[in-house]
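Me: Could you walk me through how to read a few local features in a model like this one? I'd like the general idea, then the case at hand.

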Amino acid sequence: MTDRNYFVHESAYVDESCEIGAGTKIWHFCHVSANAKIGERCILGQNVFIASDVRIGSNVKIQNNVSVYTGVELEDDVFCGPSCVFTNVINPRSQIVRHSQYQRTLVRRGATIGANATIVCDAKLGRYAFIGAGAVVRGEVPEYGLMLGVPAVRRGWMSRHGHRLTRKDTNGCWVCPESGWRYSEIQPDVLGCLDWPEEKSLDPVISK
């Protein structure tokens, strides 16, 4: 284990048969269960639990006190705020074993989940969706959608750089106040970025 290319704090547990990418850091009191797969350059903050068979992409940030249960998949560049919650059974009972009924939750590339938000199983969060702190999300969230409240409803759009889109240019496109990139509703309730490919990382831009 001394030649591994990722970091595990001495208080953390990583079960056998896990796959962990280069540059990932697993901090205090974490537990990564068997057969979990974690990509490169991820950060698992204090007291994070990763259940068996969970799939996590690269450059994912999981803050303190988060449990990612079997059935949850996080794509690249996802941010999970402190103490946010995932579930994997829609109708749990202590007396009834429902391991065979775990439902899938998919969090697409670049999405942000705020502190103490709850993602009810069988949800699908679109790319770069932004879930506000304390929101309760169920069902499908559109790409770039800003979701607030209990239950969460869309209250606007967020840019790739994490700004609420409030200003339009003369062509009717939303404009990010930080990057200047333009966004347009390519169809009702479907937003797209006009100035940067959806699947391209922001790393080259940030590094300039």
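Reply: Strands here are DSSP runs of E with at least two residues, numbered from the N terminus. Two of them pair if DSSP finds at least two bridges between them. Keep in mind that this is a predicted model.

Me: Then in which sense do strand 25 and strand 26 pair, and over how many bridges?
Reply: Antiparallel, over 4 bridges, with strand 25 covering residues 182–187 and strand 26 covering 190–193. Glu-185 faces Leu-191 across that pairing. The two strands make a hairpin with 2 residues between them, and Asp-189 in the turn has a positive phi of about 65°.

Me: Which salt bridge does Asp-189 form?
Reply: A salt bridge needs a side-chain nitrogen of Lys or Arg within 4 Å of a carboxyl oxygen of Asp or Glu. Asp-189 has Arg-154 as its partner, with the closest N and O atoms 3.2 Å apart. Arg-154 belongs to strand 23 and Asp-189 to the loop between strand 25 and strand 26, so this contact ties together parts 35 residues apart in sequence. Arg-154 is partly exposed at 31% relative accessibility, and Asp-189 is partly exposed at 46%. Arg-154 also lies over the face of Trp-157, 3.9 Å from the ring centre.

Me: How do I read ring pairs, and how many aromatic pairs does the whole structure hold?
Reply: Look at the angle between the planes: over 60 degrees counts as edge-to-face, under 30 as stacked, and the rest as tilted. The search finds 5 aromatic pairs. Phe-7 and Trp-27 are a tilted pair, 4.8 Å centre to centre with 50° between the planes. Tyr-144 and Tyr-183 have centres 5.3 Å apart and planes at 70°, so that pair is edge-to-face.

Me: Are Tyr-144 and Tyr-183 buried or exposed?
Reply: Tyr-144 is buried, at 0% relative accessible area, and Tyr-183 is buried at 0% too.

Note on methods: Residues numbered from 1 in each chain as written. Predicted model: local features only at pLDDT ≥ 70, side-chain atom pairs only at ≥ 80, totals over all residues. Heavy atoms only, no water. Phe/Tyr/Trp six-rings, centres within 6.5 Å; stacked < 30°, edge-to-face > 60°. Buried < 20%, exposed > 50% of the residue type's maximum accessible area, 1.4 Å probe, protein only. Lys NZ or Arg CZ within 6 Å of the ring centre and 35° of its normal.
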